[in-house]
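Let's take a walk through this structure together, one piece at a time. Have a look at it first, and then we'll start from a single residue.

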Amino acid sequence: MRLLIFGTCSGTEPYPGRHHTSFAVERGGNLYWFDAGEGCSYTACCMGVDLMQTRKIVISHTHMDHIGGLGNLLWNIRKINERTGAFAGRDLELLIPDIRAWEGLLAMLQTTEGGFSRNFTLSAREFGDGLLFDDGGLRVAALHNSHLRRDLTAGGRWLSFGFLIEADGKSIVYSGDTGGIGDFAELLTPRRDILLMETGHHDPVAFAKQLAARADCPGRLLFIHHGRHILDSFTRVQREVRDLLGDRAQILADRTVIEL
Ligand SMILES: [Zn+2]
């Protein structure tokens, strides 16, 4: 199993060398995407990732720095399939907290080449807390967070989530955009192998201190979704975070591969 990091930036203005947030878990020849920020499929292709391995795409919330590359990802899957036929008959599922974003995107895609007709199944569904799927032993569960409040116009649904990803005895927690550790503390027990923590809304040094004090501090802390706290003071932040957690802490860059 591998963790493939495509984009590491939060929704700041464009930042050289970084793209908006997206990563995938690769396992058994299948790809499970989490968020789809700008250029994610382009970056994946540049990393040698085969888009035809895509099984599911999970979106934490529908802000642009998490869905800006979704249209291109789906368009590229269709395009490569058109040439190779490698995706014919496959099932692709999109899990998205607010179906309105998908309906708008689909309407746009249907105005592109061939009306976005395809010979594979593409389905989309909203989700709430709990198990999203168990796909051959890869399990993903969602837990809402306080980044976005309930949408009372949509029946009180939560609109922003973090995730627990488990397979082959390994576990990863992805914070999603979050109000803080209180949002996802229950996912950290028992002790997890990796925490992917967003830093677009947090001071990474303060967060590393908070985490280091916990008995269930995960085996590795990987920062993603960087904001100005990191981008404007990268060297200092990296040094201070390493002073607290050593090699267990890493400020992720685009195009990083983590072996699990
Ligand atoms: Zn964001």
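Is tyrosine 174 buried or exposed? Tyrosine 174 is buried, with a relative accessible area of 0%; buried means under 20% relative accessible area, exposed over 50%, and partly exposed in between, using a 1.4 Å probe and protein chains only. Before going further, a word on ground rules: this is a predicted model, where local features need pLDDT of at least 70, side-chain atom pairs count only at pLDDT 80 or more, and totals for chains, interfaces and linings use all residues. Residues are numbered from 1 along each chain as its sequence is written, and side-chain values use heavy atoms, with hydrogens and water left out.

Back to our tyrosine. Tyrosine 174 is found in strand β10; helices (H or I, at least four residues) and strands (E, at least two) are DSSP runs, numbered from the N terminus. Leaving aside its neighbours within four places in sequence, tyrosine 174 is in contact (heavy atoms within 4.5 Å) with Thr21, Phe23, Asp35, Ser60, His66, Gly162, Phe163, Leu196 and Ile224. Cysteine 217 is 43 residues from tyrosine 174 along the chain, and their C-alpha atoms are separated by 14 Å.

One of those contacts deserves a second look. Rings of Phe, Tyr and Trp (its six-membered ring) pair if their centres lie within 6.5 Å; planes under 30 degrees apart count as stacked, over 60 as edge-to-face and the rest as tilted. By this rule the count comes to ten aromatic pairs. Phenylalanine 23 and tyrosine 174 make an edge-to-face pair, 4.9 Å centre to centre with 90° between the planes. This pair links distant parts of the chain, with phenylalanine 23 in strand β2 (residues 22–27) and tyrosine 174 in strand β10 (residues 170–174), 151 residues apart.

Seven strands form an open sheet in the order β7-β8-β9-β10-β11-β12-β13, with mixed pairing; two strands pair if DSSP finds at least two bridges between them. At the edges stand β7 (130–135) and β13, each with a single partner strand, so one side of each is left without a neighbour in the sheet. From one strand to the next, the twist averages 15°; axes are lines fitted to C-alpha atoms, for helices over the stretch in contact, and angles run from 0 to 180 degrees between N-to-C directions.

Let's move across it. β10 and β11 pair in the parallel sense over three bridges, and valine 173 stands opposite leucine 195 in β11. β11 (residues 194–198) then pairs with β12, again in the parallel sense, over five bridges. Why is β12 (residues 220–224) largely enclosed by the rest of the structure? Four of its five residues are buried, so the strand is largely enclosed. The chain gets from β11 to β12 through helix α6 (residues 204–212), and this β-α-β crossover is right-handed: with the strands pointing away from the viewer, the path from the first strand over the helix to the second runs clockwise. α6 lies across β11 and β12, at about 160° to β12. Beyond that, β12 pairs with β13 (residues 249–251) in the parallel sense over three bridges, where phenylalanine 223 has isoleucine 251 as its bridge partner. Helix α8 (residues 234–245) lies across β12 and β13, running at about 165° to β13.

There is another open sheet of seven strands, in the order β6-β5-β4-β3-β2-β1-β14, with mixed pairing. Here β6 (121–125) and β14 (256–259) are at the edges, each with a single partner strand, so one side of each lacks a neighbour in the sheet. The twist averages 20° from one strand to the next. Strands β3 (residues 30–34) and β4 (residues 54–58) run parallel, joined by four bridges. Helix α3 (residues 70–84) packs on this sheet, touching β3, β4, β5 (91–95) and β6, and its direction makes about 165° with that of β4.

Finally, the interior. A nonpolar core is a set of buried Ala, Val, Leu, Ile, Met, Phe, Trp, Tyr and Cys residues joined through side-chain atoms within 4.5 Å. The largest has 29 residues, of which Phe6, Trp33, Ile57, Leu74, Ile77, Leu92 and Trp102 touch the most other members. A second, separate core of 27 residues includes Leu132, Phe133, Ala142 and Ile258.
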